[in-house]
Amino acid sequence: MALGAPPADGRAESPSPVALKRVIPCLDIEAGRVVKGTNFVGLRDAGDPVELAERYDTEGADELVFLDITASHERRETIVELARRTADNVFIPFTIGGGIRSVADAQAVLDAGADKVSVNTPALARPELIGELAEVFGSQCVVIAIDAKARAAAAAASAPCDAPPGHFGETPEYDVYVDGGRTLVEDREAIAWADEAVERGAGEVLLTSMDRDGTTDGYELELTRAVADAVSVPVIASGGAGRLSHLVDAVVDGGADAVLAASIFHYGTFSVADAKRAMSEAGIAVRDTGKSRAAG
Amino acid sequence: MARIVVLDYGMGNLRSVEKALERVGAEATVTGEAERAAEADGLILPGVGAFPRAVERVRELGLDRLIADRLEAGTPVLGICLGYQLIFESSAELGGAQGLSLLEGEVIALHAPGLKVPHIGWEPVRWERDSELTDGIEGTTPFYFVHSFTPRPAEPTDVLGTAEHGERFACAIARPPLYGVQFHPEKSSAAGLRLLRNFAGICVSKSRIKGGGGRLRAPDSASASQGTLDRGGAPA
């Protein structure tokens with residue numbers, strides 16, 4: 001650990017102007033608890049989201065996402081309490097998703113210390129919500145979460161009959177699902193929805209491939225690339241990470257600005273530090289957290 | 001233990017700043033009452049939102065006078081994000097407004113053609129000189145930014161750190177006992193906590209020095225003490 005600033009000649013080198021790619025662990029929360037226990041040793045309470053979040057911060061996570069899947073009507077209280085406890089103990093930006101249906105819902109978790117809110121089902125039910133949130137809190141606070149699934153071959157083949165010759169099949173299409181992947185949204189295509197949501201004021205897209213989610217086959221790179229090319233805001237790739245090379249692929253081939261993963265971190269397969277190292281070795285600019293561990 | 005007041009003028013969430021200060025061992029109080037704040041070893045002027053409304057609120061609460069008086073008495077003050085911008089003379093945001101004029105310079109929109117504004121995310125910060133505020137933090141450590149505007153300090157010796165987003169901009173200043181940072185130390189993990197710990201340390205040492213009775217400025221680093229708080233007077 002070097003104390004004091006480096007010598008003057010060490011400052012001539014300008015840092016890369018390329019935005020640092022982010023690694024974002026995701027925690028699924030039900031009634032204030034992490035949905036599945038973890039294999040981490042040394043945690044006092046394996047189900048405590050705040051303790052897990054602190055660990056991710058220590059390992060070098062750039063941000064955190066909490067997705068609340070609580071179905072009960074006490075939901076808002078529990079996510080506000082979670083936001084408050086997280087803000088009291090974890091000093092990196094974090095996003096709360098699940099149960100944000102209104103400006104008042106968002107206000108409550110942002111006041112409690114969250115940095116962003118993520119909206120999915122309520123935004124599809126009433127797309128104006130995105131603009132309302134952006135108007136009050138700014139686009140930087142509003143993440144549109146999209147659960148996308150490749151359209152069945154039959155449906156895709158029948159739909160674009162009027163596509164010009166040679167164009168057929170070149171643009172992949174994806175359905176949008178809500179309610180945690182249980183309900184198909186009629187007449188919505190994921191790439192077009194991402195574009196619309198950004199037009200309405202979303203500052204970031206959290207893009208989950210339902211085809212890959214829960215597998216360890218890697219992110220859906222074609223989907224990620226299509227959305228990254230379609231929108232002007234950062235895209236967070238989600239769903240399917242199983243190996244460190246998948247994180248690299250999402251950035252290099254998928255064009256993602258950030259990679260989100262749950263189980264590989266959650267179950268201790270890899271640490272966030274492992275992820276950062278692999279990305280750095282692949283030539284991706286990431287926040288180096290080996291430098292400033294002096295605080296505590 | 002440093003007693004630090006986080007000035008509350010109704011703009012933005014102050015809880016993270018308060019808790020980060022507690023984490024580094026300071027005694028943090030959030031208040032908008034100038035009288036209570038006057039007793040503190042150090043002041044933090046935070047803030048998220050638009051400049052004109054913010055400066056209006058600060059004046060309504062009499063915090064502009066408080067800050068100026070405390071600086072005169074040698075009490076360290078740290079502006080964070082919008083609070084950092086407020087210490088300058090003026091801002092171009094939303095038609096423009098006068099600032100607190102504690103430092104010379106204006107606040108302008110980030111010039112970043114082809115890049116996204118607001119500028120959000122982790123950005124490496126380059127320290128332009130040594131300072132007690134940045135002690136122990138390496139020269140290209142990333143901090144977390146969320147902003148669309150940035151101050152242009154008129155006095156180059158005020159600039160403590162710079163970052164790049166389209167252009168290189170002054171993201172940290174020091175004219176002890178006045179400090180300011182455009183990034184959010186309370187959201188910048190270990191490096192941010194270190195910076196706040198350093199600030200708390202500055203507050204404690206200044207408080208001890210003052211014990212005898214009001215010296216204006218204690219030296220920070222050699223180069224940093226060249227400035228003056230005389231508004232309108234040419235800095236040395």
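Colleague: How many helices and strands are there in chain B?

Modeller: In this predicted model, chain B has six helices and 14 strands. Of its 236 residues, 56% are buried.

Colleague: And what share of the contacts in chain B join residues at least 24 apart?

Modeller: Counting contacts between residues at least 6 apart in sequence, 71% join residues at least 24 apart.

Colleague: On to the sheet, then. In what order do the eight strands of the open sheet in chain B come?

Modeller: Read across the sheet of chain B, the order is S2-S1-S3-S4-S14-S13-S12-S9, with mixed pairing. At the edges sit S2 (27-31) and S9 (126-127) of chain B, each pairing on one side only.

Colleague: Which strands of chain B does helix H1 touch?

Modeller: H1 (residues 15-23) of chain B packs on the sheet and touches S1 (3-7), S2, S3 (42-45) and S4 (77-80) of that chain. Its direction makes about 165 degrees with that of S2(B).

Colleague: How do S13 and S14 of chain B run, parallel or antiparallel?

Modeller: S13 (residues 167-175) and S14 (residues 178-181) of chain B run antiparallel, joined by four bridges. For one bridge, look at B:Ala174, whose partner in S14(B) is B:Tyr179.

Colleague: Now chain A. At what angle do helices H7 and H8 of chain A pack?

Modeller: H7 (residues 190-199) and H8 (residues 221-230) of chain A pack at about 30 degrees, with axes 9 Å apart. Angles under 35 degrees count as roughly parallel, so H7(A) is roughly parallel to H8(A). Their crossing is right-handed.

Colleague: Which residues meet there, between H7(A) and H8(A)?

Modeller: From H7(A), A:Ile191, A:Ala194 and A:Asp195 meet A:Ala226, A:Val227 and A:Ala230 of H8(A). By class, this contact of H7(A) with H8(A) has five nonpolar residues, no polar and one charged.

Terms used:
Residues are numbered from 1 along each chain as its sequence is written. Chains are lettered from A and ligands numbered from 1 in the order in which they are written. This is a predicted model: local features need pLDDT of at least 70, side-chain atom pairs count only at pLDDT 80 or more; totals for chains, interfaces and linings use all residues. Helices (H or I, at least four residues) and strands (E, at least two) are DSSP runs, numbered from the N terminus. A residue is buried if 20 or more other C-beta atoms lie within 10 Å of its own, exposed if 12 or fewer, and partly exposed in between; C-beta atoms are placed from the backbone. Two residues are in contact if their C-beta atoms, placed from the backbone, lie within 7 Å. Two strands pair if DSSP finds at least two bridges between them. Axes are lines fitted to C-alpha atoms, for helices over the stretch in contact, and angles run from 0 to 180 degrees between N-to-C directions. Angles under 35 degrees count as roughly parallel, over 145 as roughly antiparallel, 65 to 115 as roughly perpendicular and the rest as oblique. A crossing is left-handed if the near helix is turned anticlockwise from the far one by less than a right angle, and right-handed if clockwise. Ala, Val, Leu, Ile, Met, Phe, Trp, Tyr, Cys and Pro count as nonpolar, Asp, Glu, Lys and Arg as charged, and the others, Gly among them, as polar.
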